[in-house]
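Dear colleague,

I am passing on a structure for your records, together with a summary of what was found in it. Please look through the sequence and the coordinates first; my notes follow below.

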Protein chains: 2
Amino acid sequence: MRKAGAPYLLFLGDVRDELSIKGCTGVKIWRPEKARAQIVLEGGDRDLGLENMTPAQAAEAGCRTMLVGVANAGGFVPDAWVPTIVEALDAGLDVMAGMHRRMADIPAVAEAAARNGRALFDVRQPGMAFEVGKGFRRTGKRVLTVGTDCSLGKMFTSLAIEKEMLSRGMEATFRATGQSGIFIAGEGVAVDGVVADFIAGSVEWLCPANDPDHWDVVEGQGSLFHPSFAGVSLGLLHGAQPDALVMCHEPTRPHMRGIHGRPLPSLEECIEVNERMARLTNPAAKVVGVSVNTAAMAEDAALACLDETGRRLGLPCRDPIRTGVGAIVDEIGTI
Amino acid sequence: MRKAGAPYLLFLGDVRDELSIKGCTGVKIWRPEKARAQIVLEGGDRDLGLENMTPAQAAEAGCRTMLVGVANAGGFVPDAWVPTIVEALDAGLDVMAGMHRRMADIPAVAEAAARNGRALFDVRQPGMAFEVGKGFRRTGKRVLTVGTDCSLGKMFTSLAIEKEMLSRGMEATFRATGQSGIFIAGEGVAVDGVVADFIAGSVEWLCPANDPDHWDVVEGQGSLFHPSFAGVSLGLLHGAQPDALVMCHEPTRPHMRGIHGRPLPSLEECIEVNERMARLTNPAAKVVGVSVNTAAMAEDAALACLDETGRRLGLPCRDPIRTGVGAIVDEIGTI
């Protein structure tokens, strides 16, 4: 896909909970320069602290894309959103969305896009043909975030690593593999929406050969230990061909996400299996650090957990929010 | 998908090589009772030894489906085939095909199907919504064929195991996961065409809970060691939740299919990794036998290879064609 133009008008819809707008929140946190304005519909109460604008005002203020970064159960597009989406297209904005239902499949939206010559970015449907992965070695370096489970901070960790690398003057590019990451980067591949045959190939396309000192920071998905998504995680691991892996973990989680009764794997086992499977396409792949999401823990307990885990594994172990990922990037820098 | 009605009229098209009609050949070998007649177009020279019939004659003779079991480079549908496909629909036959291009996307074919109220089975496009896999234990027993590489006999081995089980009075059902297998079974899921998020879920759907003594014989795909397709293989492994695994191998193959320079893994390593990864959803999963495709070897060398490999691994090691799979089914029967 081509890259969605920035800055964005962030569409917060009519929702009333934090989780539903995490796509927009991610843009605000990680790409504040892209988060120009917001629009809230009647009934909604979310507020990212941005200026409220109509689509016409946003276009006037330089916005190029309206980001429908709102999730709801089922991924459908409520009728109440459609007039505003059409209004955005009529105002000359492109529209980027990550719903299951494609924007292009909503007749009024498709018509408005055609009428105005605007682009619709449906990030969950890649809409392009990939080739199968081949596993041939590529130049450039790659770090991939992996995890003991889904939804525990792989995107956040990847973005924190990219930011730290850039602040040190390293060449680095965040490579998005999920909806929120694509909103932030403006481009990427939603690997869980790719046809199964092309998982690895789509990731080879996403992070191609590059300069020898350039780091692609590839956003991981799922877990090799998650019975729903391990196939996606393995194809991503093979396609990314990572030199370095960063293991992400959430120590208080009672069971694998969505699977009551199934415990998380130990960090030791998860590290060993990820390294082993990664070596199919990069024999030098190794875990260089652990990113622990300690948001649910008190400060003392969190720091003790990081310290104990790091000692046990012999790896830098950090929380991107509490401690930053500097020590992990130090380790990456030795590769 | 609902099951394609048998018997079939086998459409051999205008091709002139054996590999291109392997979908039809598979039906002739494994489900001869479904292979009622054949139709060859001008320019084609294939012959399965069946009676040649027009679609109208085939319908008259009781055929219910025309199987377009022909592969060509690119998976497109030549214009020259379309009149015969339309003729089949007009004669009252359904049409099953496995091309990349969907039958339903060819206007003349879609119109003929609608006009006649006939079904189009595009087996590469599941055309249904699956749920994500959950990994919860299911009743019934399952055996899955896995492999050191792609395209070395997993479908053939699965069908041989099913046949041997049925001949012993065991309850068994072949579960097709690829195009040729679906032609043979008349139903199944082409897992490599499923959206990545749903690989495991589609396989859970394909081989659901069953009677405690019933065996699903699940056709494997790819290899955990193939850099193009390992994600598919892992999702299939987790979704199948196999009690027994049968490892398939081709000892003379110089490199992984399609990847020059990449050697096959050793049987030992491939067995260990498959067992380990399978135990996520079935802690009792184990490899119970090895199926070796010795077609490229002389009889003496082939038998020596089977004997040596079996001793080395401590497992029954057979070629489904040369020796049958009885010894492997003996082992499965102990579970």
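Two strands are said to pair here if DSSP finds at least two bridges between them. Please also bear in mind throughout that this is a predicted model.

**The sheet of chain B**

With that definition in hand, five strands of chain B form an open sheet, ordered β2-β1-β3-β4-β5, and their pairing is parallel. Its edges are β2 (35-40) and β5 (120-122) of chain B, each of which pairs on one side only. On average, and with direction ignored, neighbouring strands of this sheet are turned by 20 degrees against each other.

Helix α1 (residues 22-30) of chain B lies across β1 (8-13), β2 and β3 (65-68) of chain B, and it runs at about 145 degrees to β1(B).

One residue of chain B may be taken separately. B:Glu51 is placed in the loop between β2 and α2 (55-60) of chain B. Is B:Glu51 buried or exposed? A residue counts as exposed if 12 or fewer other C-beta atoms lie within 10 Å of its own; B:Glu51 has 12 C-beta neighbours inside 10 Å and therefore counts as exposed.

**Chain A as a whole**

The secondary structure of chain A consists of 11 helices and 11 strands. Its radius of gyration is 20 Å, close to the 20 Å that the globule rule gives for 335 residues, so chain A is as compact as a globular protein of that length. Along the principal axes, the C-alpha trace of chain A spans about 55 × 45 × 45 Å. Of its 335 residues, 55% count as buried. Among the contacts in chain A with a separation of 6 or more, 74% are between residues 24 or more positions apart.

**The two domains of chain A**

The domain assignment divides chain A into domain 1 (8-122) and domain 2 (141-333). The centres of these two domains, taken over C-alpha atoms, are separated by 29 Å. Where they meet, 10 residues of domain 1 of chain A are in contact with five residues of domain 2 of chain A. On the domain 1 side, the largest share, five residues, comes from helix α1 (residues 22-30) of chain A. By class, that side of domain 1 divides into four nonpolar, four polar and two charged residues.

**The six-stranded sheet of chain A**

Six strands of chain A form an open sheet in the order β7-β8-β6-β9-β10-β11, with parallel pairing. The edge strands are β7 and β11 (317-318) of chain A, each pairing on one side only. Helix α5 (residues 154-167) of chain A packs on this sheet and touches β6, β7, β8, β9 (244-249) and β10 (286-292) of chain A; the direction of the helix makes about 165 degrees with that of β7(A).

Strand β6 (residues 141-147) of chain A pairs with β8(A) in the parallel sense over four bridges, and A:Lys141 stands opposite A:Trp215 in β8(A). Strand β7 (residues 172-175) of chain A likewise pairs with β8(A) in the parallel sense over four bridges, with A:Phe174 having A:Val217 as its bridge partner.

In a regular strand, the side chains alternate between the two faces of the sheet. Which residues of β8 (residues 215-218) of chain A lie on each side? A:Trp215 and A:Val217 are on one side, while A:Asp216 and A:Val218 are on the other; all four are buried, and both faces of the strand are covered.

**The contact between the chains**

How many residues does each chain bring to the contact? Chain B and chain A bring 28 residues each. On the side of chain B that touches chain A, α7 (199-206) and α8 (230-240) of chain B each supply at least two residues. The largest share of that side, six residues, comes from α8(B). By class, the side of chain B that touches chain A has 15 nonpolar, nine polar and four charged residues.

With kind regards

Definitions and conventions
Residues are numbered from 1 along each chain as its sequence is written. Chains are lettered from A and ligands numbered from 1 in the order in which they are written. This is a predicted model: local features need pLDDT of at least 70, side-chain atom pairs count only at pLDDT 80 or more; totals for chains, interfaces and linings use all residues. Two residues are in contact if their C-beta atoms, placed from the backbone, lie within 7 Å. Ala, Val, Leu, Ile, Met, Phe, Trp, Tyr, Cys and Pro count as nonpolar, Asp, Glu, Lys and Arg as charged, and the others, Gly among them, as polar. A residue is buried if 20 or more other C-beta atoms lie within 10 Å of its own, exposed if 12 or fewer, and partly exposed in between; C-beta atoms are placed from the backbone. Domain bounds come from an automatic or database domain assignment. Axes are lines fitted to C-alpha atoms, for helices over the stretch in contact, and angles run from 0 to 180 degrees between N-to-C directions. The radius of gyration is taken over C-alpha atoms; the globule rule is 2.2 Å times the number of residues to the power 0.38.
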